[in-house]
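Student: I would like to go through the terms used for this model one by one. Please set each value against its definition.

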Amino acid sequence: MEAESARIEDCKGEPLCEEGKNALEAAGFPVTPEVPIPLEWKTYDNYNLILLVDNPDNPALFNTMGGDVDNKIHLLSEYAGFEGDIENPYEEGTFAGAIKASEAACKGLIDQLSSWMK
């Protein structure tokens with residue numbers, strides 16, 4: 001299984017800020033120096049599942065990926081059991097809140113994938 005972090009913008013992402021690193025480490029998650037890759041047209045074909053933390057109706061996403069004909073694109077929050085976006089710590093949210101919601105969503109995703117494999 002492989003996972004990558006990506007962003008819609010054409011530019012390559014920036015390394016995680018110190019506050020984000022500290023929050024992840026405090027929650028027990030390893031921090032790597034990797035930065036998000038830019039989404040590209042071929043991204044859709046290269047992955048089985050594409051999880052968004054916010055705004056699945058973003059026109060830039062459609063323009064970059066060409067739509068979602070195979071129903072691969074989902075909000076991460078779907079797997080946490082709530083509707084809406086994962087809070088953005090760079091805008092209105094906190095790193096702790098984003099980590100907590102993302103962790104719950106990832107556990108929900110693992111549960112769903114495990115049930116499919118049975």
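Tutor: A salt bridge here is a side-chain nitrogen of Lys or Arg within 4 Å of a carboxyl oxygen of Asp or Glu. The structure holds two salt bridges. This is a predicted model, in which local features need pLDDT of at least 70 and side-chain atom pairs count only at pLDDT 80 or more, while totals for chains, interfaces and linings use all residues. Residues are numbered from 1 along each chain as its sequence is written, and side-chain values use heavy atoms, with hydrogens and water left out.

Student: What makes the contact of lysine 21 and glutamate 18 a salt bridge?

Tutor: The distance from N to O is 3.5 Å. The cut-off is within 4 Å, so the pair qualifies. Both residues lie in helix H1 (residues 18-26), three residues apart, about one turn of the helix. A helix is a DSSP run of H or I with at least four residues, a strand is a run of E with at least two, and numbering starts from the N terminus.

Student: Why is lysine 21 called partly exposed?

Tutor: Its relative accessible area is 26%. Buried means under 20%, exposed means over 50%, and partly exposed lies in between (1.4 Å probe, protein chains only), so the label follows. Glutamate 40, at 37%, is partly exposed by that rule.

Student: How do you know whether isoleucine 99 is buried or exposed?

Tutor: Isoleucine 99 has a relative accessible area of 13%, so it is buried. Its place is in helix H4. The C-alpha atoms of isoleucine 99 and leucine 24 are separated by 7.3 Å, although the two are 75 residues apart along the chain. Buried residues make up 27% of the 118 residues in the protein.

Student: Why does aspartate 111 count as exposed?

Tutor: Aspartate 111 has 55% relative accessibility, and therefore counts as exposed. This residue is found in helix H4. Its C-alpha is 9.0 Å from that of tyrosine 79, 32 residues apart in sequence.

Student: What makes the phi of asparagine 71 worth a remark?

Tutor: Most residues other than glycine have a negative phi. Asparagine 71 has a positive phi of about 55° and is not a glycine. The residue lies in the loop between helix H3 (59-65) and S4, and at 53% relative accessibility it counts as exposed.

Student: How many helices and strands does the protein have, and how compact is it?

Tutor: There are four helices and four strands, in the pattern β-α-β-α-β-α-β-α along the sequence. The radius of gyration is 15 Å, close to the 13 Å that the globule rule gives for 118 residues, so the protein is as compact as a globular protein of that length. That radius is taken over C-alpha atoms, and the rule is 2.2 Å times the number of residues to the power 0.38.
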